[in-house]
Amino acid sequence: MAPTPGTSARDQLTFLLQQAEPRAARPERHLWLIALVQWLRAGPQPVLDGGPAPALQPGLPAAVWRLQAVLDALDADPGRRRAVAAVLQRFVLDNDATSLLADFGFTSRPAFWSEFAERLRTKIMPATPDTGDLASLFGLLFNSADDADWLMALPDAQLARVVALFTTPAVPVEADDVAGAAPPVDDIAAHWRAEIAEAITFSVSHVRSAAFSPLLRRRMRATGDVVQDVVTPFRQLASAWEATQRHLHPGERTAGAADEVTPLTQELTYFRALLDACMQAVRTVPEHLEDNGVSVSIVFDAWQLERRIARIEILLDCLVGRENGREHLRMLADFARIVQGRRSIVALVARNTSLLSRKIAERHAETGEHYITHTGREYAGMLWAAAGGGAVMGLTTWFKIGIIGLHMPSMLTGLWVGLNYAATFVLIALLHWTIATKQPAMTAPAMADKLADLSDRRAAQAFVDEVAALTRSQAAGVFGNVALVFPAALALGLAAQWLFGAPLLDAAHARAELASLSLLGPTPLFAVFTGVLLFASSVVAGWTENAFVLHRLDSALRWNPRIRAVLGAERAARWAIWWRANVSSMAGNISLGFLFGLVPELLAGFGLGLQVRHVTLSTGLMGAATATLGWGVLHESAFWWAVPGVIANGLLNVVTSFYLAFRLALRARGIGLQDRRLLRTALRSRLRRNLLSFVWPPRAAAAQTGDAP
């Protein structure tokens, strides 16, 4: 069926056209059409009969020039034209187009692994052309990344010639030529209109049923509106389409003249108005995510419902539009893009990552605002809160040393160390103090939330202001933690030594702790690993808070009869309010503690000796070691190599957790590459002009509250 490689373009085309046989078996006809489409995109602009294909606009894709050559060759050979037209017309009549027109590009559910398996099967398993399903055949015909481009580039005159091949053979088919191969023209046109109408019917039914799903319907309900007002357009959609169909006959297919109102015009206008109302209702779903929580299934269903409504609009344009040939071309180009998207496993991962990112980041944006300081007073408050957190962490350091000194099995040690950390982090949160390096993973979604309308440089500049505020908030947090954790750990160690008559940490272990913090060792790698754990805890926090809101657990705590019977109405209400405000913080702190304690022990079982290097904990260990070794340690190089090691810990903890959280938030907000370049440019400009603003509140901000910078 395919032409021999190495032959000229003219010989290849001649061979292909000679193979068009209307009476051939169905798979052979499909193979011929696949080979023809492959030839169209197989090479450069053809040279036939001693010159290029006749006049087209310069710069058009090579496939357009090759299609011109095909059309010219058919015009020069009426017999071949009749045969090719018959093959194309049988292709339309003998195959079911409903699944292609109505369902192509949609999936039944947002199950990642089932879709992953389907795409992997498509990549590995061969497809057969022996099928009557146009959706399956389309993937065999248009499987190149360039197909959508050259389809959209077809000139109107060339498009009209292609349409004529499907609808109006240049010469009537003789009974003894290709008898029975070419169907009557009227049957083809009526058949295709019926296929489009059937596809619209199918789509309308699906839109109507999807809109009535309880979870989606609840998200489409605007505040103060009743459900019936929102779903009424969906309920009336089917009857409106049935009324429109009754007037879809050839004499009235184009809806009359521009100034003439026909029954079709009236029904079509009403149907399109209902479609628009349905689209507006679906687009209100994201507005209620903050109040109701983000569900991957709901977001996916809303996205698909919006696309199905848009597909109905496209099919309507193909059916009754004045330029329905061009509308068909746009639809085919869209299908070609869908083919590429459905073949891409990377695209599937990106789409699901975006949905999951939104599920986490939507809930974290509000939480992160509490960790960003803008004024001198807020900056001083952050210093105070961080100092309190550092004091508590000094005690935590000695608890950790004591747990490790018990020499329990590794997993049991990890469990108790994790419990020690988790209890400390929760206590610090309840006291309204803070741990510095927890902030970036919480604040990144809050900053990305400000990028929802990144339309100009002023928006980018406002975002850079937030970055500067976050950075100096981190500086305040780190300064406050470090300023108190070292003296707290040192004081506790000296007090215990005075009380018990001997240091709690022997000299050998103290020197080993200092050596482990050295910048010359694996400290930077461990600090990055710790930043990943910090980010992971923020993911757990965001996921937990979203689930809490999505399943309305605050309402359950307040109104569940059994809970109210145990706690009483007033206490149940207070618990509901408290957990609604603090569930993210509790989940993040508890998960971070156990991640710090258990993950290194789990990885050690696989031979990976990764350790936690948190700037506050590391500084506390330096204080504990100093309590044992005395002030003479200040004359040892190990101490002074540990100092830059701790500084590197702080920088890498903050940068790693912030980078990962910010990437997740950008994906959730759909921020593109062009906008990211705009942000980087604005950020570099601020670094050159006012570097100090990333460490200390600017005077303007301080002046607003009367604070000195």
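Which helix gives the most to the lining of the largest cavity? In this predicted model, the answer is α27, with three residues. The description below starts from the overall fold and then returns to that cavity.

The protein comprises 30 helices and two strands. Of its 709 residues, 47% count as buried. Among contacts with a separation of 6 or more, 81% are accounted for by residues 24 or more positions apart.

Two helix pairs that share α4 were examined. Helix α3 (residues 62-76) packs with α4 at an angle of about 120°, and their axes are 5 Å apart. Because angles of 65 to 115 degrees count as roughly perpendicular and those over 145 as roughly antiparallel, α3 and α4 are oblique to each other. On the α3 side, the contact is made by Leu 74, Asp 75 and Ala 76, and on the α4 side by Pro 78, Arg 80, Arg 81 and Val 84. By class, the residues of this contact of α3 with α4 are four nonpolar and three charged, with no polar residue.

The second pair consists of helix α4 (residues 78-94) and helix α9 (residues 156-167), whose axes come within 7 Å and cross at roughly 75°. From α4, the contact involves Arg 81, Ala 85, Leu 88, Gln 89 and Val 92, and from α9 it involves Ala 164, Leu 165, Phe 166 and Thr 167. Six of the residues in the contact of α4 with α9 are nonpolar, two are polar and one is charged. Arg 81 of α4 takes part in the contact with α9 and also in the contact with α3.

The largest cavity holds about 50 Å³ of space. Its lining is formed by Lys 400, Tyr 421, Val 612, Arg 613, His 614, Leu 617, Ser 618 and Leu 621. By class, the lining of the largest cavity has four nonpolar, two polar and two charged residues.

Helix α27 spans residues 615-629 and includes Thr 619. Is this residue, Thr 619, buried or exposed? Thr 619 has a relative accessibility of 4% and therefore counts as buried, since the cut-off for buried is under 20%. Leaving aside residues up to four places away in sequence, Thr 619 touches Val 482, Val 485, Phe 486 and Val 646.

Note on methods. Residues are numbered from 1 along each chain as its sequence is written. This is a predicted model: local features need pLDDT of at least 70, side-chain atom pairs count only at pLDDT 80 or more; totals for chains, interfaces and linings use all residues. Side-chain values use heavy atoms; hydrogens and water are left out. Helices (H or I, at least four residues) and strands (E, at least two) are DSSP runs, numbered from the N terminus. Buried means under 20% relative accessible area, exposed over 50%, partly exposed in between (1.4 Å probe, protein chains only). Contact means heavy atoms within 4.5 Å. On a 1 Å grid over the protein atoms alone, a cavity is a set of points where a 1.4 Å probe fits but cannot get out, and a pocket is an open set with protein on both sides within 12 Å along at least five of seven lines; lining residues have an atom within 4 Å of a point. Grid points are joined across faces, edges and corners, and a volume is the space filled by probe spheres set on the points. Ala, Val, Leu, Ile, Met, Phe, Trp, Tyr, Cys and Pro count as nonpolar, Asp, Glu, Lys and Arg as charged, and the others, Gly among them, as polar. Axes are lines fitted to C-alpha atoms, for helices over the stretch in contact, and angles run from 0 to 180 degrees between N-to-C directions. Angles under 35 degrees count as roughly parallel, over 145 as roughly antiparallel, 65 to 115 as roughly perpendicular and the rest as oblique.
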